[in-house]
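Take a moment with the sequence and the model. The paragraphs after them start at one residue and then widen the view.

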Amino acid sequence: MAQSDMRGGNYAAELQAPEVYRQRRLLLRKALDGGTAVLWGNGDDRGAGDVGTFRQDSAFFYLTGVELPNAVVVLRCDEDFLFLPPRDTDVERWTGPKWGPGDDTAKALGFDEVRSLSASSIVLDARIRPVPSFEGRLQTWLSEPAAVLWTEFPSVASGANLPTTHRLVTRLKERTPSFEVRDLSDALNRLRQVKDDGEASLMRRAAQITILGHRAAAKAIQPGVGEGEIDGVVYNAFRKGGAEGLAFPTIVGSGFNATTLHYDQNVGICSDGELVVVDIGARYGYYCGDLTRTYPVNGSFTERQKLLYNLVLEAHHKVEEAIKPGVTLFDLRKIAYGVFEGSSLRDSHGERLGQHFIHGLGHFLGLDAHDPGGDSIPMEPGMVITNEPGLYLQDEAIGIRIEDDHLVTADGNENLSGMLPTRAGDIEEMMNGSR
Ligand SMILES: [Mn+2]
């Protein structure tokens, strides 16, 4: 599709047909029980110095495929509406052509109607008639008897501005106190957890590009190289592979830094004899990869490092064999913990290793690197989770994590990153350029 036809930002929405998003809205509408659901997309509030392109809210993108800032979607049992800011040709000279309210947009994006967020007027029968704003229309819907407003409330970080949803609901309540507010998150998250075939192929692609990042990192790691340089090598491989960007900030942690779970400063130097944890994810069509490998900086594991590495790998394998419908992340963590506790290996105090597995086994993965879903949800075909056992021995400056992405299938799982080596010998070979 030509650049000028996209009118919405980048290409991600083009990867699935408007009909796919429409079907998702239809499914959600059935859960509304006669109410009105409203979801606000993200505004474009990038400040000076921020990098990257506009990123739509994940739930909003899931339902609409629309990447324009400041859009609103309304779902009712028998209709859906997209509200967009009116087009502004002066602004578009700076930001490029955008979709605006109107029938051609509705047709292209698969909506019944696309209306303007602002109040306007039309000439009908030679008379000027007012067209209400989005808020005016919403007010009307919420004045119906027994009206219900379904929406998602983003968590409010202390000190942050009250999000749009809170502000608007408060304002509506002042004028129309009678409607009931219900949380749309459960129904929406439930839909997002089970990936359809189109989503599964986007996630396969995100995993494949993330693998390219690892292969590039493996070849660049050597004594004296900066963690930041590896970070750059990974980003280059992602963009070369077709990713639109990062699923989350790249983690390159060597030596003691490898024992810090979300270390993302990447300002240290990889030194001879250390291990370096590389936890990276490419984003493709809004879907996230998330893969971790642990490399010996000089290209070969020491005896102690290899023993510990193989133990983490054993936990990783046992978990992989167990991923199938019905099990929970909690069950899977117990398997990995059992491997660490059952090992004859000890820490520097002569104690068992289970206590050094300090995080969960993994998380749901999708439009967000940490997709909705918790440790006690039984797996279903179509769910995607990470499998990332790890051991962190701070006083030995050893951190080890091995992470793959798994799509749950009817009788087990598909390892989306199975092509990326995990065995210690294969990791060494990958670093030395022979695979
Ligand atoms: Mn992860």
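Does Asp196 count as buried, exposed or partly exposed? Asp196 counts as partly exposed, because it has 13 C-beta neighbours inside 10 Å. The cut-offs are these: a residue is buried if 20 or more other C-beta atoms lie within 10 Å of its own, exposed if 12 or fewer, and partly exposed in between, with C-beta atoms placed from the backbone. Asp196 sits in the loop between α8 (185–193) and α9. Helices (H or I, at least four residues) and strands (E, at least two) are DSSP runs, numbered from the N terminus. Asp196 and Met430 are 234 residues apart in sequence, and their C-alpha atoms are 33 Å apart in space.

A word on the basis of all this. The model is predicted: local features need pLDDT of at least 70, side-chain atom pairs count only at pLDDT 80 or more, and totals for chains, interfaces and linings use all residues. Residues are numbered from 1 along each chain as its sequence is written.

Now the whole chain. The protein chain divides into domain 1 (3–191) and domain 2 (194–431), with bounds from an automatic or database domain assignment. The C-alpha centres of the two domains lie 36 Å apart. Where they touch, 10 residues of domain 1 are in contact with 10 residues of domain 2. Contact here means that the C-beta atoms of two residues, placed from the backbone, lie within 7 Å. Helix α3 (residues 58–64) gives the most to the domain 1 side, with 3 residues. By class, that side has 5 nonpolar, 5 polar and no charged residues. Ala, Val, Leu, Ile, Met, Phe, Trp, Tyr, Cys and Pro count as nonpolar, Asp, Glu, Lys and Arg as charged, and the others, Gly among them, as polar.

Helix α3 holds Phe61. Phe61 is buried because 20 other C-beta atoms lie within 10 Å. Leaving aside neighbours within four places in sequence, Phe61 is in contact with Gln56, Glu67, Tyr286 and Leu367. Tyr286 lies in the loop between β12 (282–284) and β13 (287–288). Tyr286 is also buried, with 25 C-beta neighbours inside 10 Å. Its phi is positive, about 80 degrees, although Tyr286 is not a glycine. Most residues other than glycine have a negative phi.

Next comes the largest nonpolar core, with 106 residues. Such a core is a set of buried Ala, Val, Leu, Ile, Met, Phe, Trp, Tyr and Cys residues joined through C-beta atoms within 7 Å. Val73, Leu82, Ala206, Ile221, Val276, Tyr295 and Val312 touch the most other members. Helix α9 (residues 197–220) gives the most to this core, with 10 residues. Domain 1 and domain 2 both give residues to the core, so it lies between them.

Finally, look at helix α12 (residues 329–342). Its 14 residues should span 20 Å at 1.5 Å a residue, and its end C-alpha atoms are 20 Å apart, which agrees. The expected span is 1.5 Å times one less than the number of residues. Leu329, Leu332, Ala336, Val339 and Phe340 are buried in α12. They cover an arc of only 100 degrees around the axis, so they lie on the same side of α12. The arc is that of the directions from the helix axis to the C-beta atoms. Their cover includes α11 (303–322), β15 (384–387) and β16 (390–393).
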